[in-house]
Amino acid sequence: MISNVSSVGTLVKRLVTSSDARRPDGRAARRISKKSSLDFKIFANPEDARIANVKVKTDEDVERVRRAHLNDIENIPAYWVISLIFVLTEPAAFTAKVCFYGFTAARVLHTFFYLNSVMPFRGISFIIGQILNAFMAIRCVIFFI
């Protein structure tokens, strides 16, 4: 898997300290808050729009965040179930750490890449998470058969 932990740390550090994050005008914070439906009074549901006295409308950034959340909702609960059963197989500590930290990192990166429209890294991080889930599931099936 990952042979050099410091290179992963360097990648995360670069993502966090990108030029937008260091800008004094707070562009990174604005980019995140721009994705909030409350900031732009963009609501997909009539009852929410009625409270704010605006019409129902959509925004691509808000929809992108919604799709990223839906993707997480579809994938993370399956990981919880599989990992809980995987722990019952008493895996080696290193194997468990690689699976658990790897899946978590893959999902965090997938969400980051999804929100920032970065392909093919979004797909790669998704596939890594699925491979780790499949590995744990296959190991569970083999162990309990």
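Biologist: Hi! Are Arg-107 and Asp-72 buried or exposed?

Modeller: Both Arg-107 and Asp-72 are buried. Keep in mind that this is a predicted model.

Biologist: Okay, and how far apart are the closest N and O atoms of Arg-107 and Asp-72?

Modeller: They are 2.5 Å apart, and the two residues form a salt bridge. That pair ties together distant parts of the chain, with Arg-107 in helix α7 (residues 93–115) and Asp-72 in helix α6, 35 residues apart.

Biologist: How many salt bridges does the count come to?

Modeller: The count comes to 3 salt bridges. Another one joins the side chains of Glu-63 and Arg-66, at 2.9 Å from N to O.

Biologist: Where do Glu-63 and Arg-66 sit in helix α6?

Modeller: They are 3 residues apart in helix α6 (residues 60–88), so about one helical turn separates them.

Biologist: And which of those are buried or partly exposed?

Modeller: Glu-63 is buried, at 16% relative accessible area, whereas Arg-66 is partly exposed at 41%.

Biologist: Switching topic: what does Arg-67 pair with?

Modeller: Arg-67 meets Glu-60 in a salt bridge, side chain to side chain, with 2.9 Å from N to O.

Biologist: How accessible is Arg-67, and what about Glu-60?

Modeller: Arg-67 has 28% relative accessibility, so this residue counts as partly exposed. Glu-60 is partly exposed too, with a relative accessible area of 47%.

Terms used
Residues are numbered from 1 along each chain as its sequence is written. This is a predicted model: local features need pLDDT of at least 70, side-chain atom pairs count only at pLDDT 80 or more; totals for chains, interfaces and linings use all residues. Side-chain values use heavy atoms; hydrogens and water are left out. A salt bridge is a side-chain nitrogen of Lys or Arg within 4 Å of a carboxyl oxygen of Asp or Glu. Buried means under 20% relative accessible area, exposed over 50%, partly exposed in between (1.4 Å probe, protein chains only). Helices (H or I, at least four residues) and strands (E, at least two) are DSSP runs, numbered from the N terminus.
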